[in-house]
Amino acid sequence: MNIDSIQNGVVIDHITAGCGMKLYHLLGLDTIECSVALIRNVGSKKMGRKDIIKIDAAIPVNLDVIGYVDPDATVNVIRDGQLVEKKSIPMPEQLVNVIQCKNPRCITSCEQELAHVVRLTDREQKVYRCIYCETKAN
């Protein structure tokens, strides 16, 4: 398989194998007008297997979403075909309107304009909970 290099854009690397598609959807990459390559189950000396996302445009990406899905992923910024910045992404303390509370009795179910906010409650287990009802987020 041959995926061309990008001249200006973003490469999300070291994504845990199988998490690339979830990240693709949460970042809204299916709605943008530039080329996006999602490469799954790539061999990696460091990880065994990994996913990679290449975005062929210098667009802003939500680092909180990346940190939520896979805090071990890295974001590489490419300009003029050269790597100009490499970022490690920590787990965010809070996410707003990224995921929705699954509890049908949560206030966010009936108050449509209320933001869906989840907060990190257990960093080791990667557990986020709704700030309104304490339901565990997926």
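Helices here are DSSP runs of H or I with at least four residues, strands are E runs of at least two, and both are numbered from the N terminus. The model is predicted: local features need pLDDT of at least 70, side-chain atom pairs count only at pLDDT 80 or more, and totals for chains, interfaces and linings use all residues. Residues are numbered from 1 along each chain as its sequence is written, and side-chain values use heavy atoms, without hydrogens or water.

Start with the sheet. Five strands form an open sheet in the order β2-β3-β1-β4-β5, with antiparallel pairing. Two strands pair if DSSP finds at least two bridges between them. From one strand to the next, the twist averages 20 degrees. Strand β1 (residues 9-16) pairs with β4 (residues 74-79) in the antiparallel sense, over five bridges. V77 in β4 stands opposite V10.

Now the surface. I107 sits in helix α3 (residues 107-110). Its relative accessible area is 40%, so I107 is partly exposed; buried means under 20%, exposed over 50%, and partly exposed in between (1.4 Å probe, protein chains only).

Last, the cysteines. C19 is partly exposed at 22% relative accessibility. C34 is partly exposed too, at 23%. The whole structure holds zero disulfides, a disulfide being a pair of cysteine sulfur atoms within 2.5 Å.

Note on methods:
Axes are lines fitted to C-alpha atoms, for helices over the stretch in contact, and angles run from 0 to 180 degrees between N-to-C directions.
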